[in-house]
Amino acid sequence: MKSILLLIRKPIFIVFSILIFQISCEKEMPELVNEEEVITTVVLNLIDETGASQSVRWFLNPAVSNQASVDPIVLKANTKYTVSVNFLNESDPTNPQTITADIVAEADDHQVFYEFTGNAISLSTSSSDTVDSENNPLYLTSIWSTGTEASSGQVRIYLIHLPTSKSGQSRTDFGGETDVSADFPFQIRL
Amino acid sequence: MFFFIAQSLSGQQCGFTLSGKITDLHDGTPIVDALVMTNQEGKFAQSDEDGNYFIRNLCAGKITLQISHVACETQTKSIALNSHFYFNIDLEHHINSLDEIVVVDHRKKELSESVQQFQIEGADMERSSGESLATALERISGVSTLKTGNAIAKPIIHGMFGSRVGIVNNGIRLQDQEWGADHAPSLDINAFESIQLIKGAAALKYGGDTAGGTILLSPFSIPVKDTLYGRSLMNAATNGRGGNVATQLTRAYVSGFFMKFQGSYQQFGDFHAPDYELLNTGLKAANLSMRLGLHRFNSGWEIGFSRYQNTQGILRASHIGNLEDLLNALEAPVPLRTAPFSYAIGAPKQEGFHQNLYASGYFRLTTTTKINLDYSFQTNNRQEFDIRRSGLSDLPAIDMMLKTHSWNASIAWKEGMNWSFEAGLNAVLQDNFSDPATGVKRLIPDYLKYQAGSYFVSTYKPNNQLAVNAGIRLDVQLWDAQKYYNRSDWLDQGYDQDYAQSVVLDLSSQLLANIEKRFLTTAAHAGLLLISKEKEISNRFSYVHTQRAPNASELFSDGLHHSLATVEYGNLRLNKEISHKLIFDVGRDKNTFRWNIAPYFAYTTDFIFIAPQGLIQTVRGAFPVWKYEATDTRIFGGDTSIEWQFNKHFRLTNDTAYIHAQDLNSQTPLISIPPFNSKTQLVAVTPNQKWEWRLSHLWVAQQHRFPDDRFDFPLLVNGQIQTQQIDLSTPPKGYQLFSMDISIFLGKLHSKNFIVRMMGNNIFNTAYIDYLNRLRYYSFEKGRNFHLQLIFNY
């Protein structure tokens, strides 16, 4: 056992014993993560030529539910609507945050695209829309013209991040990553 | 020089001669000046220049031999002598070194003798010097790699990866969040002399939870003499237009004291597939390590420090928003984002930073009893950067710091001539911290993990033809995790029923739960090695029992994978995974035609895997959900290797592997199992041994056994909602690749002072897709690559 006694004198074993007793015991309570970029809510504001307006919401907070709540859109036939879209983060209901301002600030990196079922609604640009550095409309504000017949369908709104093209007829044409893909049902009444 | 001392003894049964040759276990070279002592008085001999020894005038009976050499571990053998006898002895020889590593190596050998071992060293280590650990291991039959893109790779052994494969760095398990499939081991292979692979879990010393196998990385052994030497190497490759430099310098003294410094730096730009550049696939890595120690026969110590840092770009086109984006990527003939070559690495990317500080010591109580103590402190920081809005791309989306303290204490001793034992204790304390500043829900929660283990292994080796070994291990693991759950997920999983008492904080949308879990695991292994009399055929048979507690990802994972467009959930209800594995191995290790066949069979209950659970609604549209589940599995397969030495100049080798893996509960194949593959190599050496050519062919078949996870998905096509079937599970077609390798040895032949090597991979620029690449939906694999390697020993 003499060899053990000799070894205890060596610095390495002192280092050892110090390290062995350096153990943390309790962890602090972790902070709740503040998720800044989350989009929970898509709001469409539709104003017709007479100035009558309606607001519809698509809302999904994954922390609370895995089902989205969606308001239907009810439109009159043969009418032009000015439609503006807003994206919000309402994961903390007491402190809703708007994401739309960030999108306007990074207009070159974003694009809104609408895809309708059927062909009862035709989409066109609005003079009050936000444009990017190359004058491409973002479709944050757009004009929807309804057809003459009663019908129903669905509109899908996409928010595309870093699109590879700023124009196109289908989602594929734009490339980029889908940040929002939310469906609203619509009805056109006579 | 050869001499012997013999005295003649009177008696009828005396006068026999024992002779033979003593050779190096590793390369068969003769060992000079080894001392062979017998239990008969005055009967001993020393080996001559050819390794031969003669002991004359021995009397009949049981003779015990003790074979010792200054640079080898002493061996004892016993034989029954009743005639003249020719007896060859293999010694484990490490030139001029007496350091701890020899002894560790030797013990590993004993521990796992009944399971075939594979070693990558020397020229193959050099060839791999520009590669990752996983790529280097692909040289071994039965090893494949699981990739995420082109450079992030981890080894798959017998169809198993991640937590089922242990990586041991200098005697201590590497703790680097190995559970993540999209994360390569945090180390640089240039810091190691050899890589040893033990299939199955025979290395009980290092853990009892690695059903796939254990990879042992051994640092360079240090000679005991006054010397200063170094080695520098450089690799330059055309694909990626980059390479690495690595250098090391060693100062050793005859007193046993030494210092070693090693450093390397690697950089690549975008790699290219046959027809396009792979945007944002560049990488940078730097490694630095220092060792300082005193190695003597009776005692020794070593302290060391290493740091490894890397930045790894991830194919830009693989960062997508939802399943439709993935479908568009699948249908596109080229990645949706390509750009001219660049060295820039932007988001998405991974940054890793691993540090290891260790101290170890050993001393002998007697010449046959040795005590080892090790301590290591590892920190592993992993950051992942996603493409984010409002300048947040510079802020990591995942930022985890894993700190691990490990302590090992072991004692190894010998009883009599034939028995050797080792017993040990180890303890691990691990602390994970996920930084909330990321602004993204934590993928892995904050936790503390305590682990304690003990093991006992023994070997019985009565002669050179038989070895039996057995071992057991017991571990206890405690988890103390604090995790925020979405209220909806908590309710969906039914955790409000089973884990209600764990809730410590109840916010409106989230719950903070303090989850405590305890797992008790055991492991055992028993093996037999039989070598035929002519020492030509060896048979190994082993049974390995392992139990593995679920890892952090399997228990707690909670997040979205951008590149796979999936949401992944852990499962608190998982039990430990229990596996039984039989490995049989028969081969001929000598002669001009060497071969080896190794079939295996593994049955696992509560095998943890991730399975699709349907779709959930998100703001990005419907998303497939994957959740960790348990099932029973059966895996069997076989690895074969053949080496045919035609003559001094030509050699042909082949390595082939096949795996069949089945989920027994659902009666479907398991996912991500390597397809049948076969590697053939022709090696030619010039008469002066200064030139060496290698031509390799790799054939990887299509995997026809896969779980069919096709699902229906509503898509909006031309103004109509259509249900379309999405197929992300069908494996890609098989492929064949050709590689070439020319080595030129300059300088003195045996010292190989200067080596130039030219290598060409995928020389026909074949466009192929690898089933085991998690980003296979986005691009082809790397195209042709020419590679120049310079090695300078001084």
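In which order do the strands of the open sheet of four strands in chain A stand, and what kind of pairing does the sheet have? The order is E4-E11-E10-E7, and the pairing is mixed. Strands here, like helices, are DSSP runs numbered from the N terminus, with at least two residues (E) for a strand and at least four (H or I) for a helix. Two strands pair if DSSP finds at least two bridges between them.

The model is predicted: local features need pLDDT of at least 70, side-chain atom pairs count only at pLDDT 80 or more, and totals for chains, interfaces and linings use all residues. Residues are numbered from 1 along each chain as its sequence is written, while chains are lettered from A and ligands numbered from 1 in the order in which they are written.

**Chain A and its sheet**

Chain A contains four helices and eleven strands. A residue is called buried if 20 or more other C-beta atoms, placed from the backbone, lie within 10 Å of its own, exposed if 12 or fewer do, and partly exposed in between. By this criterion, 29% of the 190 residues of chain A are buried. Two residues are in contact if their C-beta atoms, placed from the backbone, lie within 7 Å. Among contacts in chain A between residues at least 6 apart in sequence, 62% link residues at least 24 apart.

| Strand pair (chain A) | Bridges | Direction |
|---|---|---|
| E4 (residues 73-76) and E11 (residues 177-189) | four bridges | parallel |
| E10 (residues 151-161) and E11 | eleven bridges | antiparallel |
| E7 and E10 | seven bridges | antiparallel |

In the open sheet with the order E4-E11-E10-E7, the edge strands are E4 and E7 of chain A, each of which pairs on one side only. On average, neighbouring strands of this sheet are turned by 30 degrees against each other, direction ignored; axes are lines fitted to C-alpha atoms, for helices over the stretch in contact, and angles run from 0 to 180 degrees between N-to-C directions. In general, strands of a sheet pair through backbone hydrogen bonds, either parallel or antiparallel.

Individual residues can be followed across the sheet. A:Lys76 has A:Arg189 in E11(A) as its bridge partner. A:Tyr158 stands opposite A:Ser181 in E11(A), and A:Phe113 stands opposite A:Tyr158 in E10(A).

A:Phe116 belongs to strand E7 (residues 110-116) of chain A. The residue is partly exposed because 17 other C-beta atoms lie within 10 Å. Leaving aside neighbours within four places in sequence, A:Phe116 is in contact with A:Ile121, A:Gly153, A:Val155 and B:Gly719. A distance of 26 Å separates the C-alpha atoms of A:Phe116 and A:Glu106, which are ten residues apart along the chain.

**The contact between the chains**

The contact takes 54 residues from chain A and 52 residues from chain B. On the side of chain B that touches chain A, strand E22 (residues 349-366) of chain B gives the most, with four residues. That side divides into 22 nonpolar, 18 polar and twelve charged residues. In this classification Ala, Val, Leu, Ile, Met, Phe, Trp, Tyr, Cys and Pro count as nonpolar, Asp, Glu, Lys and Arg as charged, and the others, Gly among them, as polar.

Helix H4 (residues 323-331) of chain B has buried residues, including B:Leu323, B:Leu326 and B:Leu327. What covers the buried residues of H4(B) includes helix H4 (171-174) and E11 of chain A, together with strands E35 (621-645), E40 (711-717) and E41 (720-726) of chain B.

**Chain B**

An automatic or database domain assignment supplies the domain bounds: domain 1 (4-91), domain 2 (100-216) and domain 3 (217-793). The centres of domain 1 and domain 3 of chain B, taken over C-alpha atoms, are 45 Å apart. Five residues of domain 1 are in contact with four residues of domain 3 in chain B.

B:Asn773 lies in the loop between strand E43 (754-761) and strand E44 (785-793) of chain B. This residue counts as buried because 21 C-beta neighbours are inside 10 Å. Not counting residues up to four places away in sequence, B:Asn773 touches B:Lys147 and B:Glu781.

**Confidence**

The predictor's confidence in each residue is given by pLDDT, from 0 to 100. Chain A has a mean pLDDT of 86, and 86% of its residues reach 70 or more. Over residues 1-8 of chain A, pLDDT stays under 50. Where pLDDT is low, the predicted coordinates should not be read in detail.
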